[in-house]
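Hello,

My notes follow below it.

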Amino acid sequence: MGMKNGSKIGMVGVGRMGANMARRLADQGFPITQVYDVRREAAADLARELKAHAAENLAEVTAGADLVLTVVSDDQAMRDIFTPEHLLAGATGKIFINFATVSPQVHLEVEKAAQRAGAVAIEACMASSITQAREGTLYLILAGDSGAVEKAGPVLAALSKARRYVGETGRAAQVKALVNMVMNINTAGLAEGLALGDALGLNLETLREIFAQTGANSRVLETDGADMQAREHDCYFSAAHAAKDSGIAVALARETGVRVPLAEATLAQYRLMIEKGLGELDKSGVAELTFKGRGSGK
């Protein structure tokens with residue numbers, strides 16, 4: 001039996017992604033009761049918009065919701081919120097759905113902490129953008145307690161166009177790290193191809209058309225190719241996020257003893273962007289490191 005639209009929902013982390021997910025659920029008739037963010041202003045604004053309560057603390061979110069969705073920035077943020085004095089206070093019977101891209105290990109730690117508190121935590125990794133969150137067309141990679149995944153089904157369905165369950169806790173984070181590792185390699189590779197074409201004086205529109213019809217085609221060519229050429233790096237997926245996710249994948253490769261020289265080179269490129277102060281550009285901004293005459297992308 002899935003959770004009905006009457007299930008009260010709490011949102012922790014209402015940056016662009018979390019806020020759009022909350023708006024989408026509200027549109028679909030789910031009561032958003034509690035909103036929390038470390039940036040109090042962001043939580044207050046969204047709470048006003050959705051007629052929800054801007055929670056003073058995390059325990060209040062859990063108390064006022066049946067289902068708590070979290071979209072936080074990194075491993076440390078996850079560890080900080082899932083403690084007995086914060087989200088896990090009075091958490092018996094509650095379901096936590098964690099959407100952030102964090103390391104598989106942290107999902108396992110959170111699952112155990114939730115179990116000790118009589119609650120369940122599941123993974124719902126998002127392989128999608130901010131606009132898809134608003135439209136309810138996310139692609140979700142799910143893992144953890146299959147009963148809880150089923151119970152949360154209506155909420156997950158309202159947020160996504162497709163969902164794939166990949167097994168026990170930690171598996172979704174592994175899959176997501178690999179998705180982004182390959183995407184980031186493709187992005188950095190495309191930037192080098194276009195930069196070299198540009199340096200040779202080739203027409204880049206023509207080059208991109210030829211790439212699209214040949215083995216050089218990729219999803220990234222479609223999303224980022226023109227942006228690299230036009231130097232339009234409005235952020236859909238930041239270079240800083242790319243560095244974080246490639247970093248998770250490279251760490252997994254080291255743990256398993258698999259050689260990933262391309263992933264390592266790509267990680268170095270995204271880390272260089274952060275060093276140069278370009279970390280908040282879209283991942284397409286990696287072209288600023290490759291095109292001749294762009295320097296640090298000023």
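**Helix H10 and beyond**

Leu 204, Leu 207, Arg 208 and Phe 211 are buried in helix H10 (residues 204-212). Buried means under 20% relative accessible area, with a 1.4 Å probe and protein chains only. Helices are DSSP runs of H or I, at least four residues, and strands are runs of E, at least two, both numbered from the N terminus. Down the axis of H10, the buried residues fall within an arc of 95°, so they line one face. The arc is taken from the directions from the helix axis to the C-beta atoms. These buried residues pack against helix H9 (171-199) and helix H11 (219-230).

This is a predicted model: local features need pLDDT of at least 70, side-chain atom pairs need 80 or more, and totals for chains, interfaces and linings use all residues. Residues are numbered from 1 along each chain as its sequence is written, and side-chain values use heavy atoms, without hydrogens and water.

H9 also meets helix H13 (residues 261-275): their axes come within 9 Å and cross at roughly 70°. Axes are lines fitted to C-alpha atoms over the stretch in contact, with angles from 0 to 180 degrees between N-to-C directions. H9 and H13 are therefore roughly perpendicular (65 to 115 degrees). Contact (heavy atoms within 4.5 Å) involves residues including Met 181 and Ile 185 of H9 and Leu 262 and Tyr 270 of H13.

Ala 143 lies in strand S7 (residues 138-143). Ala 143 is buried, at 0% relative accessible area. Tyr 165 is 22 residues from Ala 143 in sequence, yet 5.7 Å away, C-alpha to C-alpha.

Best wishes

Technical notes
Buried means under 20% relative accessible area, exposed over 50%, partly exposed in between (1.4 Å probe, protein chains only). Angles under 35 degrees count as roughly parallel, over 145 as roughly antiparallel, 65 to 115 as roughly perpendicular and the rest as oblique.
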